[in-house]
Amino acid sequence: MKLLIHLVAESELGQHVQEIACLERKEHRLENVGLTLREAKKLLGEIQLRMVEQQVEEYLETQRSCPHCGRARGLKGSHTVTFQTLFGNLELRSPRWNHCGCQPNHAKTFSPLLGLLDEHVSPERLYLETKWGSLISFELAADLLKDTLPIAETVNAAGVRNHLHRVAERSEAALGDERVSFIEGCPREWAALPRPEPPLTVGIDGCYVRQWEDKKAHFEVIVGKSMAEDGPSRCFGFVQTYDEKPKRRLFELLKRQGMQMNQRVMFFSDGGTDIREVQLYLNPEAEHYLDWFHITMRLTVMGQYAKGLDTTQERRQEILKSLESVKHYLWHGNVVRARDKLEDLHGILDHGGIAGESSQKLRKALDEFDK
């Protein structure tokens with residue numbers, strides 16, 4: 001069996017038929033059923049090349065005449081440009097024309113193809129390289145693209161990384177300015193908004209990651225997930241000490257999920273200072289909840305500090321009992337009594353003559369927890 005595949009291009013100038021591929025099957029075997037991966041890659045690559053060449057030819061034909069006087073522009077020369085697509089790197093002829101003399105111009109010549117191909121990489125290729133490069137290593141992303149698509153063998157980890165950084169810089173430039181408050185309008189305007197969707201639930205937490213160059217140094221990474229009841233979830237993350245627009249980033253993510261100013265948004269976090277600042281003034285209906293797991297984890301750490309205090313057994317047990325009382329009051333929603341107990345703990349440490357490294361760590365933990 002022999003299959004001939006032709007590409008028929010129709011335009012105002014008529015039809016143009018080109019043979020794309022010839023497929024032969026001489027044996028009836030399982031591996032010969034349908035297209036092979038190699039044949040599919042070659043077929044897609046040939047179709048892409050012929051299609052782009054036809055599009056470029058038609059585009060240049062529309063640009064040849066001067067828009068002011070209608071005279072054809074003269075050819076100065078030509079060069080080859082490479083257009084990187086998902087279906088191969090295409091070598092295209094790019095002419096250089098003389099500017100028409102009917103209008104003054106700063107330059108004598110120009111390349112008309114730049115009006116069509118202002119980027120040398122197709123948007124879909126940038127999208128897939130960015131998507132896979134952000135999920136797996138750059139090298140694996142390059143291998144994946146080469147295995148499944150007729151992409152050029154020259155694609156490598158460095159190219160994927162450079163394209164990802166280019167997209168990231170472009171997205172960063174398109175992001176709006178950072179603000180203290182993103183609440184817009186007034187209660188009267190919020191009441192006139194359409195009925196909001198179910199609440200958005202946002203979980204946010206921070207952690208410290210060790211630096212690669214300096215193993216003794218760490219930096220804080222804040223990550224989270226926004227979940228809609230009837231829509232897809234979205235994840236986010238940023239480095240607190242590096243990102244200059246953390247609130248803007250989170251606000252834009254919530255807006256993409258359809259957040260309105262009259263919609264409830266529930267934030268769950270450990271109440272840390274940096275995390276709390278990111279959540280504030282994003283929505284007038286926002287509700288902020290302390291994650292019980294993080295509360296008990298902090299109290300457990302403070303309990304370990306208390307066990308290491310250089311003091312009497314009675315004083316140590318008094319501090320541990322106060323920490324248990326704080327946990328009890330918080331569980332039952334009695335924040336006032338819990339803060340009173342925290343004040344008592346500060347008094348015990350201040351007036352009990354307790355010193356040492358464990359005492360300093362406990363004081364710092366109490367200060368952070370009380371905020």
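Glu46 is partly exposed, with a relative accessible area of 23%. In this predicted model, the side chain of Glu46 meets that of Arg50 in a salt bridge, with 3.3 Å from N to O. Both Glu46 and Arg50 belong to helix H1, where they are 4 residues apart, about one turn of the helix.

The side chains of Arg25 and Glu39 form a salt bridge of 2.7 Å, N to O. This pair links distant parts of the chain: Arg25 sits in the loop between strand E2 (14-24) and helix H1 (37-63), while Glu39 is in helix H1, 14 residues apart from Arg25. Arg25 is buried, at a relative accessible area of 16%; the value counts as buried because it is under 20%.

## Other salt bridges

The structure holds 13 salt bridges. One of them joins Glu184 to Arg179, whose closest N and O atoms are 3.8 Å apart. Glu184 is partly exposed, with a relative accessible area of 43%, and Arg179 is partly exposed as well, with 33%.

Salt bridges also link Glu119, Arg166 and Arg170 in a network.

## Aromatic pairs

The count of aromatic pairs comes to 4. Among them is the stacked pair of Phe182 and Phe251, at 4.8 Å centre to centre and with 20° between the planes. The two residues come from distant parts of the chain, 69 residues apart: Phe182 is in the loop between helix H4 (157-174) and helix H5 (187-191), and Phe251 is in helix H6 (residues 246-256). Both Phe182 and Phe251 are buried.

Trp292 and Trp331 form a tilted aromatic pair, with 5.0 Å centre to centre and 55° between the planes. This pair, too, links distant parts of the chain: Trp292 lies in helix H8 (residues 292-307) and Trp331 in helix H9 (residues 313-331), 39 residues apart. Trp292 counts as partly exposed at 27% relative accessibility, whereas Trp331 counts as exposed at 56%.

## The hairpin of E7 and E8

Strand E7 (residues 218-227) pairs with strand E8 (residues 234-239) in the antiparallel sense, over 6 bridges. The two strands, E7 and E8, form a hairpin that has 6 residues between them. Gly224 stands opposite Phe236, which is in E8. In a regular strand, side chains alternate between the two faces of the sheet.

## Cysteines

The number of disulfides in the structure is 0. Cys235 is in no disulfide, and the nearest cysteine sulfur, that of Cys207, is 14 Å away. Cys235 is exposed, with a relative accessible area of 60%. Cys22 is partly exposed, with a relative accessible area of 36%.

## A nonpolar surface patch

Leu135, Ile136 and Leu140 make a nonpolar surface patch of about 280 Å². Ile136 lies in the loop between helix H2 (123-135) and helix H3 (138-148). Ile136 is partly exposed, at a relative accessible area of 32%.

Key
Residues numbered from 1 in each chain as written. Predicted model: local features only at pLDDT ≥ 70, side-chain atom pairs only at ≥ 80, totals over all residues. Heavy atoms only, no water. Disulfide = S-S within 2.5 Å. Buried < 20%, exposed > 50% of the residue type's maximum accessible area, 1.4 Å probe, protein only. Patch = residues over 30% accessible without salt bridge, like charges linked within 9 Å, V, L, I, M, F, W, Y side chains within 5 Å. Areas by Shrake-Rupley, 256 points an atom, 1.4 Å probe, with all protein chains shown as cover. Salt bridge = Lys/Arg side-chain N within 4 Å of Asp/Glu carboxyl O. Pairing = 2+ DSSP bridges. Phe/Tyr/Trp six-rings, centres within 6.5 Å; stacked < 30°, edge-to-face > 60°.
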